Amino acid sequence: TFKRYVSPPIFEVQTLCMDLETLKYPVGPFKLQTDFTEHDLDSWMAILSDLPQQLQQAVDSMSDEQLQAPYRPEGWTRTQVIHHLADSHMNCFVRCKLALTEQDPTVKPYDEGAWALTPDATDLNVGASLDILHGLHYRWNQFWLSLEGEDWKRDYYHPENQRDVTLAEALQFYAWHSRHHLAHVQSTWMP
């Protein structure tokens with residue numbers, strides 16, 4: 001069953017003495033945890049569940065100038081990051097549903113860099129993407145809570161990565177992805 005897990009504090013990027021690698025990966029690069037417990041699954045679900053509210057709080061305290069500024073040199077703007085989270089998490093939600101309802105589905109990759117340059121992804125108004133994330137993460141949480149034992153081993157094939165991805169790995173990665181991009185949005189670095 002789902003237990004409320006308090007996420008560890010998000011790494012806040014400081015403006016002094018920052019190297020590019022730290023700005024790119026403020027919570028560190030993703031490291032797949034091959035052995036995990038129910039507590040791990042619960043904590044990853046909680047991170048995903050909490051993301052929309054944490055993003056909303058971060059955005060509510062930002063000026064338009066901050067939202068339109070990149071989080072690192074040659075990086076996306078914070079606005080693009082928020083729109084990317086909606087795009088990416090919608091894609092993964094569909095992939096997870098395919099993994100649960102079909103046998104060995106192959107998912108379609110997408111060019112996230114190209115998506116980040118479309119007019120809707122550069123629009124300063126992030127309200128629609130925040131609304132998507134609120135609704136999507138509610139649905140996604142219900143999806144995760146419905147999984148039992150062997151369901152976590154169900155998978156989809158990702159042709160870009162040329163391998164199968166289990167539902168447990170998808171949950172783990174998107175919990176990291178949430179923390180990773182929330183830290184980008186919360187970054188204090190400004191050009």
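A helix, as the word is used here, is a DSSP run of H or I at least four residues long, and helices are numbered from the N terminus. The model on the screen is predicted.

**Stop 1: the whole chain**

Show the chain as a cartoon and colour it by secondary structure. There are eight helices and two strands. Starting at the N terminus, the order of elements is α-α-α-α-α-α-α-β-β-α.

Now turn the model around. The C-alpha atoms fill a box of roughly 45 × 35 × 30 Å along the principal axes. How does the radius of gyration of the chain agree with that of a compact globule? For 191 residues a compact globule would be near 16 Å, and the chain has 17 Å, which agrees.

Buried residues make up 47% of the 191 residues. Among contacts with a separation of 6 or more, 79% are between residues 24 or more positions apart.

**Stop 2: the largest pocket**

Rolling a probe the size of a water molecule over the atoms shows where empty space is left. Select Ser-88, Glu-112, Phe-173, Tyr-174 and His-177, which lie nearest the centre of the largest pocket among its 27 lining residues. Elements that give two or more residues to this lining are α4 (78-101), β1 (155-158), β2 (163-166) and α8 (167-186). Which element gives the largest share of the lining? The answer is α8, with nine residues.

The volume of this pocket is about 560 Å³. Colour the lining by residue class: twelve residues are nonpolar, nine are polar and six are charged.

**Stop 3**

Select Gln-172, which is found in helix α8. Is Gln-172 buried or exposed? Its relative accessible area is 5%, and buried means under 20%, so Gln-172 counts as buried. Show the side chains around Gln-172: leaving aside residues up to four places away in sequence, Gln-172 touches Phe-30, Lys-31, Leu-32, Gln-33 and Trp-44.

Draw a distance from the C-alpha of Gln-186 to the C-alpha of Gln-54. These two residues are 132 residues apart in sequence and 9.7 Å apart in space.

**Stop 4**

Most residues other than glycine have a negative phi. The next two selections have a positive one.

Select Asp-104, in the loop between α4 and α5 (112-115). Asp-104 is not a glycine, yet its phi is positive, about 50 degrees. With a relative accessible area of 48%, Asp-104 is partly exposed.

Finally, select Gln-162, in the loop between β1 and β2. What is the phi of Gln-162? It is positive, about 55 degrees, although Gln-162 is not a glycine. The relative accessible area of Gln-162 is 63%. Exposed means over 50%, so Gln-162 is exposed.

Key
Residues are numbered from 1 along each chain as its sequence is written. This is a predicted model: local features need pLDDT of at least 70, side-chain atom pairs count only at pLDDT 80 or more; totals for chains, interfaces and linings use all residues. Side-chain values use heavy atoms; hydrogens and water are left out. On a 1 Å grid over the protein atoms alone, a cavity is a set of points where a 1.4 Å probe fits but cannot get out, and a pocket is an open set with protein on both sides within 12 Å along at least five of seven lines; lining residues have an atom within 4 Å of a point. Grid points are joined across faces, edges and corners, and a volume is the space filled by probe spheres set on the points. Ala, Val, Leu, Ile, Met, Phe, Trp, Tyr, Cys and Pro count as nonpolar, Asp, Glu, Lys and Arg as charged, and the others, Gly among them, as polar. The radius of gyration is taken over C-alpha atoms; the globule rule is 2.2 Å times the number of residues to the power 0.38. Buried means under 20% relative accessible area, exposed over 50%, partly exposed in between (1.4 Å probe, protein chains only). Contact means heavy atoms within 4.5 Å.
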